[in-house]
Amino acid sequence: MPRLASSLTELQVRRAKPGDKPYSLSDGNGLVLWVSPAGLKAWRVRYRLPDGSRPAPATIGHYPDVSLSEARIKAIEIQRSAKQGKTTAGIRKAQQEAKAAVGAEQEVAAQERAEIEHASLRAVSGRWMAEKRPTWALETYRKARLVVESYLVPKIGDQDVRVMETKDVRPLLIEMAKETPQLARKARQYMASIVEHAIDEGLRPDDSRLRLDRILPTHRSGHMPAVTDNASKLGDVMRAIDAYENRVVRAALILAALTAMRSGVVASARWDEMDLEAGEWRVPGKNPDGTHRMKTGQDYSTSLPEQALVVLREMRERNMGGEYVFPPQARQKSAHLSRDALSKALREMGFQGEHTTHGFRASLRTLGRERLGIDVDVLEAQLAHAPKDQVEAAYARVKFREKRQEVMQAWADYLDQLKQGRTEPASMAKQEQRSIDPPMDVQPVAARRTAEGDGERTSFLRGQNLSQRHNPWSSDKVVQKLVDTPVDGEQVGPATTVDGSEMRVVSLPQGESFSKRDKPWLRRKS
């Protein structure tokens, strides 16, 4: 004799939880409670027709709208009507109600699946990147997309951001940190921003940020490899670039070295940005689609030294009619040369871990300051670093235009010297020295413009330059005599003005020069 199903209780019905698949709980006498994965609970009843056949169970209502006791009464009514043959209308109505209930269940389930998908990390991260892209530089967007689509989505893309916790993200970040520490830090940064975006969309409470700050092991990150303290090594880099076989990549590397522009900007340079006649490269701050081309998003221009113009004219002859200065190479899908091709070339030359394309910026910043004496503010303007405020930004655009032209030509000349094996920089000032007519019996002192363009430097005439220890004699604006007689027994001539600078001719004994104690006689005019 078959076992009779035990009757359900109201508590069992109320506590029935959804599972991965639909399931039924039997109450006996043909009545069952059907539970869907979405959590819907429907009362279904099995019955026999007069011919003894058993149609599909009829749905007679949903819990809790129909209680357990009400479902039992309806089940008995349907079974009695079906047995007496008076059931056509009732059964048809029950079947119609069952069909409508199934449709409602499917609609609710579909809506729930849509909500889950909308709140998944895959969907939220996609909306986050779409929102951020107009404010990002192309390289920033590329890196974010790489981390999200290659690391986050494959592992935790199906996670519901509404209920995501720190423990759901931590294992992935730790795993990334073992192989790619830098990308792991980017992933942590992106995850925090994605969760912030979910909060802004109302998917999470305002105080539900993930605790990711101390989740990664300590890692000492360094700067991008760059030659900054070995001028002869930088000469090796320039010689290797000059001998590189691929002429397009070679030209792009030379332009990056001469201008210290970021590699992504160099690789995507357009001809309509180049003014070869004026020797100027004008880079728009943003791309036509609104994304940042320059990191700051501001329009920028840099002078092009003669060496850069030679390279660009060569590329013009090789690429007639093209939009981009550097066309894509074999197997590259982009419209222009890939920025990665520049780094790859330097690695092939043997400089992996020693110098990168971005490293030319550090080389200019360090060697330009230490070896060429370039003013820090001029270097910062040339490197297009973000100014502190809008006033400073507007000021910097015009303040150093002429100086930067001199500086970049001097930097290009210095790189040529390094390529030839000479590490001592030549003077940036190529203007002729202008002398003060002295008496016949005195040693003359000359004045000429300094590298900064707004000062005066003293030196001897007739090919005799001041030694290195006398360099501190240069002054920024106007110089004056500190005392009437700087050295006892020497003659001081009358003041003579040269380009706004007050100069005096000093008589020295034959064969002698100014000593260190004499240098303070030139000072900045108060």
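Where does Pro 64 sit?

1. This is a predicted model. Pro 64 lies in the loop that runs between strand E4 (58–62) and helix H2 (68–83). The peptide bond joining Tyr 63 and Pro 64 is cis, with omega about 15°.

2. Asn 29 has a positive phi, near 60°, and is a residue other than glycine. Its place is the loop between strand E1 (23–28) and strand E2 (31–35). Asn 29 has a relative accessible area of 69%; exposed means over 50%, so Asn 29 is exposed.

3. Ala 260 is not a glycine either, yet its phi is positive at about 60°. Ala 260 belongs to the loop between helix H9 (247–259) and helix H10 (263–267). With a relative accessibility of 0%, Ala 260 counts as buried.

4. Helix H6 covers residues 166–179, 14 residues in total. From first C-alpha to last, H6 reaches 21 Å, close to the 20 Å expected at 1.5 Å a residue.

5. The buried residues of H6 are Asp 168, Val 169, Leu 172, Leu 173, Met 176 and Ala 177. Viewed down the axis of H6, these buried residues fall within an arc of 145°, so they line one face of the helix. In general, an α-helix has 3.6 residues a turn, so residues three or four places apart point the same way.

6. Helix H5 (138–156) and helix H7 (181–200) are included in what covers the buried residues of H6. On the face of H6 turned away from its buried side are the exposed residues Lys 167, Pro 171 and Lys 178.

Definitions and conventions:
Residues are numbered from 1 along each chain as its sequence is written. This is a predicted model: local features need pLDDT of at least 70, side-chain atom pairs count only at pLDDT 80 or more; totals for chains, interfaces and linings use all residues. Side-chain values use heavy atoms; hydrogens and water are left out. Helices (H or I, at least four residues) and strands (E, at least two) are DSSP runs, numbered from the N terminus. The expected span of a helix is 1.5 Å times one less than its number of residues. Buried means under 20% relative accessible area, exposed over 50%, partly exposed in between (1.4 Å probe, protein chains only). The arc is that of the directions from the helix axis to the C-beta atoms. Contact means heavy atoms within 4.5 Å.
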